[in-house]
Amino acid sequence: MSSTNSNPRSASGTGPRVKTPARPAQRPGGGQSAPANRQPLVKPAPKAKARKARLLVSKIDPWSVLKMAFLLSVALGVVTVVAAIVIWTVLDLTGIFDRVNSLLGEIAGSESGGFDLREFASLGQVVSFATIIAVVNVLLLTALSMLASVLYNIASTLVGGIGVTLTDD
């Protein structure tokens, strides 16, 4: 036998040429489950050991605490004013003010000149009061946060600070 071609079908000119059906292309993981003994195409990377670092928070910068506390308290102040507006509007739309007025009219009797809760708690007055509360909260929260950072710095010089352990996942 010659070593040039060992496939009898590929001999040129001998016998009819038969087309073999094309095999469908298969993608890895294309819906069919792989046999249990097959190796995955890509090996997962080996897991590295988790690193741990023990750190000590020994000082907090009061200026950065002041800036963050101011921004967060301003956001809380805006939420306070918006919440006051929403609550007053919901109370007005549900008719709570009218019910309270009629209840107070029944309690006080018919000889009183009539009580209108909206005169004492109008939307403008409620928003003004909520704004005053928000401004006072901004000032107090900012000052107390900065004072807390200064007190932490003093205490951390005595006891060393707070220990924190950071890890890599």
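In which helix is Leu-140 found, and what can be said about that helix?

A: Leu-140 is found in helix α4. The model is predicted: local features need pLDDT of at least 70, side-chain atom pairs count only at pLDDT 80 or more, and totals for chains, interfaces and linings use all residues. Residues are numbered from 1 along each chain as its sequence is written, and side-chain values use heavy atoms, with hydrogens and water left out.

The protein chain has 4 helices and 2 strands; helices (H or I, at least four residues) and strands (E, at least two) are DSSP runs, numbered from the N terminus. In order from the N terminus, the elements run β-α-α-α-α-β.

Helix α4 covers residues 123–159, which is 37 residues. The expected span of a helix is 1.5 Å times one less than its number of residues. Just after α4, Gly-160 takes a positive phi of about 105°.

Next comes the question of what is covered. A residue is buried under 20% relative accessible area, exposed over 50%, and partly exposed in between (1.4 Å probe, protein chains only). The buried residues of α4 are Ala-130, Ala-134, Val-138, Thr-142, Ser-149, Tyr-152, Asn-153 and Ser-156. They pack against β1 (52–57), α1 (62–93) and β2 (162–167). In the protein chain as a whole, buried residues make up 12% of the 169 residues.

Leu-140 itself has 48% relative accessibility, so Leu-140 counts as partly exposed. Leu-140 also belongs to a nonpolar patch on the surface, together with Ile-132, Val-136, Leu-144, Met-146, Leu-147, Val-150, Leu-151 and Ile-154. Patches are made of residues with over 30% relative accessible area and no salt bridge; like charges are joined within 9 Å, and nonpolar side chains (Val, Leu, Ile, Met, Phe, Trp, Tyr) within 5 Å. A salt bridge is a side-chain nitrogen of Lys or Arg within 4 Å of a carboxyl oxygen of Asp or Glu.

The residues of this patch have about 800 Å² of accessible area together. Accessible areas come from the Shrake-Rupley method with a 1.4 Å probe, and for residues only the protein chains shown count as cover. The protein chain exposes about 14,500 Å², of which carbon and sulfur atoms supply 65%.

Conventions:
Contact means heavy atoms within 4.5 Å.
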